[in-house]
Amino acid sequence: MSRAASYVLEADGIQLAFGERRILSDVYLRVQTGQVVGLLGRNGCGKSTLLQTVFGGRTLADASVRVNGQRVVPAYRQPGLLNYLPQVPLLPERLTLAEAARMLGVNAEQALAGFPGLSAQLTRRIGELSGGTTRLVQVLLLLHAKTQFSLFDEPFSGVMPVHVETLAELFRQAKARKGILLTDHRYAEVLPLCDVVYLLHGGRLEQLPPDPVPALRDRGYLAS
Ligand SMILES: Nc1ncnc2c1ncn2[C@@H]1O[C@H](COP(=O)(O)OP(=O)(O)OP(=O)(O)O)[C@@H](O)[C@H]1O
């Protein structure tokens, strides 16, 4: 991908109900390269489901996912388009950290550089790392992988406070290379990172104004 190239990822037409319960009904989502886009919403409102659908891991009949106007369903099949970190572990436990980085085409030394201590663990197997370390290295590897977009479901989860600000800074830097869509309840870390914030509530995706806090309070996501 040329650094100057600009890509727009859009999703809409996503309808999902479990029995009588409608989860997603009115969704239009847009992420472009150079942006961090935050997706907020209360527990169980459908954020993970939406990310899975954009990635293409969950197939919904009328879902439209497009890049620069071209339909890409499932999006994950398009080489170099996007990667996705779900809430569950992604990387095979038997691989060493160095092997996992190679598998993703990532320079491990570069990806882990901001975190003294991680580079020393390159020869350890993923299955031997602590839960929080595993989460952090997965985020770092996907962030550095050469895709136009990265989707993260709770990237700050389990990351210890001393690493959170460094990770947030890496998200800011990664915008120069890609577009990022993330959901995380750590809104204090997430909001300053985001160029655009969406709130998912009642099946609808609402793009919030540049200062999203009052709307987040009004809609009951933050305590007033
Ligand atoms: N297979 C299923 N059958 C029935 N309901 C389901 C199924 N899968 C998910 N759900 C429901 O769909 C809703 C959306 O789930 P999802 O995991 O997308 O929420 P979320 O916004 O990511 O939540 P959280 O913030 O807690 O991670 C939840 O209420 C969940 O219980």
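Student: Let's start with a detail. Which residue in strand 7 is the bridge partner of Arg66?
Tutor: Arg71 is the bridge partner of Arg66. Keep in mind that this is a predicted model.

Student: How many bridges do strand 6 and strand 7 pair over, and in which sense?
Tutor: They pair over 2 bridges, in the antiparallel sense. Strand 6 covers residues 64–67.

Student: What order do the strands of that sheet have?
Tutor: The order is 4-1-6-7. It is an open sheet of 4 strands, and the pairing is antiparallel.

Student: Which strands stand at the edges?
Tutor: Strand 4 (28–32) and strand 7 (70–71) do. Each has a single partner strand, so one side of each has no neighbour in the sheet.

Student: And what holds paired strands together in general?
Tutor: Strands of a sheet pair through backbone hydrogen bonds, in a parallel or antiparallel way.

Student: New topic: the ligand. Which residues are around it?
Tutor: Phe18, Ile23, Gly41 and Asn43 are among them. The list also includes the run Gly44, Cys45, Gly46, Lys47, Ser48 and Thr49.

Student: What classes are in that shell?
Tutor: There are 6 polar, 3 nonpolar and 1 charged residues around the ligand.

Student: Which helix gives the most to the shell?
Tutor: Helix 1, residues 47–55, with 3 residues.

Student: Stay on helix 1. Which of its residues are buried?
Tutor: Lys47, Leu50, Leu51, Thr53, Val54 and Phe55 are. Lys47 is also one of the residues around the ligand.

Student: What happens just after helix 1?
Tutor: Gly56 comes there, with a positive phi of about 105°.

Student: Zoom out. How many helices and strands does the chain have?
Tutor: It has 7 helices and 12 strands. The radius of gyration is 17 Å, close to the 17 Å from the globule rule for 224 residues, so the chain is as compact as a globular protein of that length.

Student: What does the C-alpha trace span?
Tutor: About 50 × 40 × 40 Å along its principal axes.

Student: How much of the chain is buried?
Tutor: Of its 224 residues, 35% count as buried.

Student: What share of the contacts join residues at least 24 apart?
Tutor: The share is 68%, among contacts between residues at least 6 apart in sequence.

Student: Last one: what does UniProt place at residues 9–222?
Tutor: The unreviewed UniProt entry places the feature "domain: ABC transporter" there. In the model, that span is 28% helix and 24% strand, and its end C-alpha atoms lie 28 Å apart.

Definitions and conventions
Residues numbered from 1 in each chain as written. Predicted model: local features only at pLDDT ≥ 70, side-chain atom pairs only at ≥ 80, totals over all residues. Near = placed C-beta within 6 Å. Nonpolar A, V, L, I, M, F, W, Y, C, P; charged D, E, K, R; others polar. Pairing = 2+ DSSP bridges. UniProt positions renumbered as here; feature names shortened; annotations may be inferred. Buried ≥ 20, exposed ≤ 12 C-beta atoms within 10 Å, placed from the backbone. Rg over C-alpha atoms; globule rule 2.2 N^0.38 Å. Contact = placed C-beta atoms within 7 Å.
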